[in-house]
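Try each task before you read its solution.

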Amino acid sequence: MNLDFSPDELAFRDEARAWLSANVPAEPLPSMDTADGFVAHQQWERRLADARWSVVSWPEEFGGRGASLVEWVIFEEEYYRAGAPGRVSQNGIFLLAPIIFDHGTGDQQQRWLPSMATGETIWAQAWSEPEAGSDLASLRSTATQVDGGWLLNGQKTWSSRAAYAHQGFGLFRSDPSTERHRGLTYFCFPLDADGVTVRPIAQLDGEAGFAELFLDDVFVPDADVLGEPGDGWRVAMSTAGNERGLSLRSPGRFCATADRLLDLYASQPDPALAPPVVDAWLRAEAYRLYTWGTVTQLAGGGDIGAAGSVNKVWWSELDVALHETALDLLGAEAEVTSSWTDGYLFSLSGPIYAGTNEIQRNIVAERILGLPREARG
Amino acid sequence: MKFTLTDEQSGFARSVDDLLSRADPVAANRAWAAGDHEPGLKLWSRLADLGVTSLATEATPVEVCIAFEAIGRHAVPGPWIESAAYLPLALPDVDLTQSRATVATPYAVDADTADTVYALVDGELHEAVRGDPVTSVDPSRRLFTVTAGDRVDHGDLDAAFNLAVLAAAAELLGAGERVLADSVAYVKQRTQFGRAIGSYQAIKHQLANVRIALDFARPLVLGAALEVTPRSVSAAKLQAADAANLAARVGLQVHGAIGYTEEHDLSRWLLRVRALQSAWGTSTFHRERLLADLLAAR
């Protein structure tokens, strides 16, 4: 048992650190959920991609470095330590790309992955529906088979980045005779296709971080079905595991925030707030170490499985605690918008997205602890 | 980078656990609390035969953690932390593998069965004589006042303290895991309103919180075992104490009134967890130590 990096891993870390320190913008970019900020973040993705830092874990032929999982976690740690911008391409590169690698055809990989790696094409999830949130399997949007493809109809909502993004991906009911998890198909479609209406929704911070999508006879060719028709739930659940688990929120960002919290405490110490400061740091440190256990397990051929739910509850509540503590330290100044208020508002969404923490606790209780299912539906 | 027990370490964990599962440590715990040391001393000898009393000097802190997690899981009585973690490092010239010793911090736990008693006075180790009994909230920890005598030559007391803190953290982790396992088993078989109570979300979510808290305590304990520092062991004990306390509170709540009885074995762990929270540094002490260390390292 050890926590030591190999010489190659240390060299990788040094290279990442040096590049980031020379290239991370000195001033924060405007919010990625504004028109200007979206473009600025796309440009940043291009810069990362030109130096092959945008998708380090992907194979080299698609713009990556073939980095190991250990190296990816190292990169993430360096990325957030350097104060680099949020990833506007995140839903594509972390959530959709693993599906395309596992289930996509060679043609789909060639068409979709390179422009995703450069940030030229930004992807948005189209999962939730007005009546299908936590109960995703109750979704009602349909796909009807026609000559050469499918017609999509229905309404999707809470679609992150969709206000400015180029492509959507999500589940549609392709077999009307089925219910729940069966008869669903995974589709990729352009957000500017005929029949798609995007209605941006302002989030708590006033910016259009997500959108509603209305689909009215949107034609999608067979070539843009991901996985087999009818197999969408199984395909999508591999995304869900990724989203809750390591890939969406690596420890790097929380450790970086914990360090900034310590800086804040050091600059204006308040002994009454020492306990929450220590506890927030401790929880980030626990996540950092926990992740090396996860990485070891995955590298040994294991599967995260339901442990992704353990993970998700932890980091989402940690993020809220880090920011609440910082705002407490700021006293009356806390009300004035700052990177801490931005981070705080963002952190509030964590316990909701990617499966609410209530759903995660059900999964932990049923799949890890083996408690009986509660009657549903 | 391989952050998991080696095959050899997993094998050691299994052998300690097997030994304790085959014995009846809960009966030994109850007898110990009542002043009958015989079953507990038998358990002590068998664990000593397995090498537990020589881990602090002969093995790594990882093996120490493995043993103490098992001690916590089985509520084993005896001055284990004192005799097998703290004193072997505090007294490198004294062979403690074949005897039992304890140290007052401020009370000497299980001094009535210790061959030797020490006291920590102003950062120095002294010989000590056992005084009056003091009742612990956990009756299986028999506390005594001491009268300090001559100062003794000692080793690195900070290193000894850190290993004791780590051992306490591992013991808390084991106790928390046991309470969770027993609580999960209970809510699966206990029926109310015609259903197993473990099917209710109100119960499930509390137990899920315990699973999550313990899952994040373990890497802090094992990480501290790989690099024993004031920072790492304080972090480990803080999270392990929090997680074990949550396990105890939730465990009691889901058991209901039966869990509140002395007769039910859950009581062994509820009381042990409470006692260990303040032994070898309260959470307030460890928080202050951790914060000072973090700020100094900036």
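Two residues are in contact if their C-beta atoms, placed from the backbone, lie within 7 Å. Keep in mind that this is a predicted model.

**Exercise 1.** Find what share of contacts in chain A between residues at least 6 apart in sequence join residues at least 24 apart.

*Solution.* Start with the contacts in chain A whose partners are at least 6 apart in sequence. Of these, 72% join residues at least 24 apart.

**Exercise 2.** Decide how the radius of gyration of chain A compares with the globule rule.

*Solution.* Finally, 46% of the 377 residues in chain A are buried.

**Exercise 3.** Describe the side of chain A that touches chain B.

*Solution.* Begin with the counts: 35 residues of chain A are in contact with 37 residues of chain B. Then look at the helices: α7 (251-267), α8 (274-299), α9 (307-330) and α11 (357-368) of chain A each supply at least two residues. α8(A) gives the most, with 14 residues. Last, sort this side of chain A by residue type: 26 nonpolar, 4 polar and 5 charged.

**Exercise 4.** Work out how domain 1 and domain 3 of chain A meet.

*Solution.* Locate domain 1 (7-88) and domain 3 (245-368) in the domain assignment of chain A. Their C-alpha centres lie 21 Å apart. The contact takes 9 residues from domain 1 and 11 residues from domain 3. On the domain 1 side, the residues divide into 6 nonpolar, no polar and 3 charged.

Key: Residues are numbered from 1 along each chain as its sequence is written. Chains are lettered from A and ligands numbered from 1 in the order in which they are written. This is a predicted model: local features need pLDDT of at least 70, side-chain atom pairs count only at pLDDT 80 or more; totals for chains, interfaces and linings use all residues. The radius of gyration is taken over C-alpha atoms; the globule rule is 2.2 Å times the number of residues to the power 0.38. A residue is buried if 20 or more other C-beta atoms lie within 10 Å of its own, exposed if 12 or fewer, and partly exposed in between; C-beta atoms are placed from the backbone. Helices (H or I, at least four residues) and strands (E, at least two) are DSSP runs, numbered from the N terminus. Ala, Val, Leu, Ile, Met, Phe, Trp, Tyr, Cys and Pro count as nonpolar, Asp, Glu, Lys and Arg as charged, and the others, Gly among them, as polar. Domain bounds come from an automatic or database domain assignment.
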